[in-house]
Amino acid sequence: MPMTTTLATSELGRRGFLMGTALGATAVLASLACSVQAADAPTRRMPVVFIGHGSPMNAISDNAFTRRLSAWGRELPRPSAILSVSAHWLSRGATGVGMQTRPKTIHDFGGFPQALFDIEYPAPGHPALAQETVGVVKQTPVIATEQWGLDHGTWSVLKHLYPKADIPVFQLSIDYDKPAAFHYAVGRDLAALRDKGVLVMGSGNVVHNLRATDRGTPDGPSASRPWAQSFDDAVKSALAGRDDRALVDYAKLEGASTAVAMPDHYYPFLYALGAAGSGERAKTIYEGFQSGTLSMRCLQFG
């Protein structure tokens with residue numbers, strides 16, 4: 001996939017802005033750094049969450065999944081900000097962090113009802129904490145940018161978790177040139193933000209292969225195809241023993257070649273896993289499948 005400075009490739013266009021080399025973005029970082037104020041004082045250590053977001057239609061649907069998200073939002077401690085790692089902001093050769101004061105709502109999809117395009121999620125950004133993220137991540141330089149915003153991997157779930165849109169939100173991009181171990185390691189770096197009241201949120205799907213869904217299949221506890229069920233079960237089993245190594249080396253798990261045909265939706269899970277302490281067990285918030293093979297597994301650590 002070719003690198004580009006401002007435009008997505010046709011293959012990845014719906015999943016995120018593809019950043020080019022860090023040279024131009026470094027200038028953005030320099031210009032923004034002088035205007036960033038100190039971050040909020042530390043509060044309680046926040047949990048880490050991973051959300052299987054599924055179709056954008058979940059943003060306007062009333063189903064078991066969205067009702068669980070709404071209840072979950074009431075159960076979680078109130079964060080000072082939310083850092084979202086979404087499957088729909090992919091970058092190339094660099095990791096970006098959103099510095100917007102008012103991030104735009106991005107409707108990064110097509111072929112859906114107008115009601116979805118009419119949704120705005122007007123949460124404020126948090127430039128100060130975004131700037132702290134630049135220093136917190138040690139695995140790679142992080143480029144502060146005002147490009148992108150809040151894509152549907154973020155706002156479609158936050159609309160249910162925090163419907164008032166009154167908690168600051170900023171996103172971190174996924175450098176799609178890097179392997180799974182890199183994304184897990186960046187997640188470990190992000191754990192430091194939890195002590196500042198930041199809710200680290202990965203948003204993707206453990207099982208995600210849009211070419212092998214069974215549209216029209218009712219939502220249910222089991223997958224419509226064995227490979228989807230096998231991989232989801234393998235992930236669940238590895239989580240029970242916090243076998244992080246197996247989850248990073250996911251390609252060896254049963255059903256992986258079809259369940260994770262492309263890793264864009266799996267990588268956000270690794271950020272959440274990395275940000276969770278090794279002694280923190282995964283609490284299953286929701287499990288089940290939509291469109292037959294999309295795992296909607298949602299997890300909380302801490």
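# Terms applied to one chain

Visitor: Where is H53 placed?
Guide: H53 belongs to the loop between β1 and α2; helices (H or I, at least four residues) and strands (E, at least two) are DSSP runs, numbered from the N terminus. This is a predicted model: local features need pLDDT of at least 70, side-chain atom pairs count only at pLDDT 80 or more, and totals for chains, interfaces and linings use all residues. Residues are numbered from 1 along each chain as its sequence is written, and side-chain values use heavy atoms, with hydrogens and water left out.

Visitor: Why is H53 called buried?
Guide: The relative accessible area of H53 is 1%. Buried means under 20%, exposed over 50% and partly exposed in between (1.4 Å probe, protein chains only), so H53 is buried. Of the 302 residues in the chain, 60% are buried.

Visitor: What makes β6 and β9 edge strands?
Guide: The open sheet has six strands in the order β6-β2-β8-β1-β12-β9, with mixed pairing. Strands β6 (169–171) and β9 (282–286) each pair on one side only.

Visitor: How do you know that β2 and β6 pair?
Guide: Two strands pair if DSSP finds at least two bridges between them. Strand β2 (residues 81–86) and β6 have three, in the parallel sense, so they pair. F170 in β6 is the bridge partner of L83.

Visitor: Which strands does helix α5 touch?
Guide: Helix α5 (residues 152–161) packs on the sheet and touches β1, β2, β6 and β8 (198–204). Contact means heavy atoms within 4.5 Å.

Visitor: Which residues touch the most other members of the largest nonpolar core?
Guide: They are F231 and F269, in a core of 57 residues. Such a core is a set of buried Ala, Val, Leu, Ile, Met, Phe, Trp, Tyr and Cys residues joined through side-chain atoms within 4.5 Å. Beyond its neighbours within four places in sequence, F269 contacts F50, V206, V235, L239, L247 and L299. Another core lies apart, with 29 residues, including I82, V169, L199 and Y286.

Conventions: Axes fitted to C-alpha atoms, helices over the stretch in contact; angles between N-to-C directions.
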